[in-house]
Amino acid sequence: MDLLIQLQAAFAQKSPLYIKVKVIPKSATTEIVEMMADGTYKIRVAAPAEGGKANAVLIRFLKKILGASEVVIVSGKTERVKLLKIIV
């Protein structure tokens, strides 16, 4: 199953949805790469990890692809692994 479809299905069933993501900053594109063995989504972000730029791109990306009204970083604002709360 495509990761985007899987994430969209989970979001459609439950709001708020909490997910763990591992961010790979300074990538060529912003995209979901894989779901790791522990359920963490690995996401490439086309922005550097400085001054909150990568976090802003991550939030905009997830809001757009999921149609979410709000995406909040619950923990890990300055870390690569983050816990996110996604709300309809």
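H1 lies across S1, S2, S3 and S5 and runs at about 85° to S2. Contact here means heavy atoms within 4.5 Å; axes are lines fitted to C-alpha atoms, for helices over the stretch in contact, with angles from 0 to 180 degrees between N-to-C directions. This is a predicted model, in which local features need pLDDT of at least 70, side-chain atom pairs count only at pLDDT 80 or more, and totals for chains, interfaces and linings use all residues. Residues are numbered from 1 along each chain as its sequence is written, and side-chain values use heavy atoms, with hydrogens and water left out. Helices (H or I, at least four residues) and strands (E, at least two) are DSSP runs numbered from the N terminus.

**Sheet**

- The five strands form an open sheet in the order S2-S3-S1-S5-S4, with mixed pairing; two strands pair if DSSP finds at least two bridges between them.
- S2 and S4 are the edge strands, each pairing on one side only.
- From one strand to the next, the twist averages 40°.
- Strands of a sheet pair through backbone hydrogen bonds, either parallel or antiparallel.
- Five bridges join S4 and S5 in the antiparallel sense.
- Ile73 stands opposite Leu84 in S5.

**Helix H1 (residues 3-13)**

- Leu3, Leu7 and Phe11 are the buried residues of H1, where buried means under 20% relative accessible area, exposed over 50% and partly exposed in between (1.4 Å probe, protein chains only).
- Viewed down the axis of H1, these buried residues fall within an arc of 70°, so they line one face of the helix; the arc is that of the directions from the helix axis to the C-beta atoms.
- Ala12 and Gln13 are exposed on the other side of H1.
- The buried residues of H1 pack against S1 (17-24), S2 (31-35), S3 (41-44), H2 (53-66) and S5 (81-87).

**Helix H2**

- H2 lies across S1, S2, S3, S4 and S5, at about 135° to S4.
- At 1.5 Å a residue, the 14 residues of H2 should span 20 Å, which agrees with the 20 Å between its end C-alpha atoms; the expected span is 1.5 Å times one less than the number of residues.
- Ala54, Asn55, Val57, Leu58, Phe61, Leu62, Ile65 and Leu66 are buried in H2.
- Down the axis of H2, its buried residues fall within an arc of 165°, so they line one face of the helix.
- Arg60 and Lys64 are exposed on the face of H2 turned away from its buried side.
- The cover over the buried residues of H2 includes H1, S1, S2, S3, S4 (70-75) and S5.
- Gly67 follows H2 and has a positive phi, near 70°.
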